[in-house]
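Have the model open as you read.

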Amino acid sequence: LNCSYGTEATSMALGEGMSLSIPAVVTSFGGNPYMVENGVNGYLVPIKDSHAMAEAILRIMEDRGLAKKLGEGARRMFEERFTAEAMTRKLERIYDAEAERIGKK
C-alpha cells in the first residue's frame with residue numbers, strides 16, 4: 001500500500017513487494033503510475049481518496065484468485081522492468097541513443 005500524495009517519487013518498498021509477488025494498491029501520484037498498471041499488478045486510486053483505497057484493498061483481500069493474478073502480474077512486471085539487469089539495459093539504451101545523437105557511435 002502506498003498512500004503518497006505530495007512527496008514521493010518512486011517507492012523502493014513497492015518494488016520490493018512486486019519482487020515478492022505482492023499486489024499493490026497505490027495512489028496515482030509520483031512514480032506509482034509507472035510501477036502499477038491498474039488491474040495488472042494492483043490498483044491505482046485517486047490521491048486522498050480513502051474510500052477508493054479501502055475498496056481496492058478489500059477487493060484484493062476478498063478474492064484470492066484476483067490476489068493471485070495481481071501478484072503474478074507484480075512479479076512479472078518486476079522481472080521485466082525493475083531488476084538490476086532490466087534497469088541496466090534501459091540505461092545502456094539511453095547512453096547509446098545519446099552517443100548516436102552526438103555522433104560518437
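This is a predicted model: local features need pLDDT of at least 70, side-chain atom pairs count only at pLDDT 80 or more; totals for chains, interfaces and linings use all residues.

Residues are numbered from 1 along each chain as its sequence is written, and side-chain values use heavy atoms, with hydrogens and water left out. Helices (H or I, at least four residues) and strands (E, at least two) are DSSP runs, numbered from the N terminus.

**How α4 packs on its helix neighbours**
- The axes of α3 and α4 cross at roughly 105° and come within 5 Å (axes are lines fitted to C-alpha atoms, for helices over the stretch in contact, with angles from 0 to 180 degrees between N-to-C directions).
- Arg59, Ile60 and Glu62 of α3 make that contact with Arg64, Leu66, Ala67 and Leu70 of α4 (contact means heavy atoms within 4.5 Å).
- With α5, the packing angle is about 40° and the axes are 5 Å apart, which makes α4 oblique to α5.
- On the α4 side, Glu79, Glu80, Arg81 and Phe82 meet Ala84, Ala86, Met87, Arg89 and Lys90 in α5.

**α4 itself**
- α4 runs over residues 64-82, 19 residues in total, and spans 25 Å from first C-alpha to last. That's close to the 27 Å expected at 1.5 Å a residue (1.5 Å times one less than the number of residues).
- Leu66, Leu70, Gly71, Gly73, Ala74, Met77, Phe78 and Phe82 are buried (under 20% relative accessible area; exposed is over 50%, partly exposed in between; 1.4 Å probe, protein chains only).
- Those buried residues fall within an arc of 160° seen down the axis of α4, so they line one face (the arc is that of the directions from the helix axis to the C-beta atoms).
- On the other side, Arg64, Lys68 and Glu80 are exposed.
- At the start of α4, a side-chain oxygen of aspartate 63 comes to within 3.1 Å of the backbone nitrogen of glycine 65.

**Asparagine 41**
- You'll find asparagine 41 in the loop between α2 and β2, buried with a relative accessible area of 0%.
- A polar atom of its side chain lies 3.0 Å from the backbone oxygen of methionine 35, and one lies 2.8 Å from the backbone nitrogen of glutamate 37.
- Among the residues that asparagine 41 touches are Leu70, Gly73, Ala74 and Met77.

Technical notes
A polar contact is a pair of N or O atoms within 3.5 Å; within protein, one must be able to donate a hydrogen and the other to accept it, and residues adjacent in sequence count only if both atoms are side-chain atoms. Angles under 35 degrees count as roughly parallel, over 145 as roughly antiparallel, 65 to 115 as roughly perpendicular and the rest as oblique. Lists of a residue's contacts leave out its neighbours within four places in sequence.
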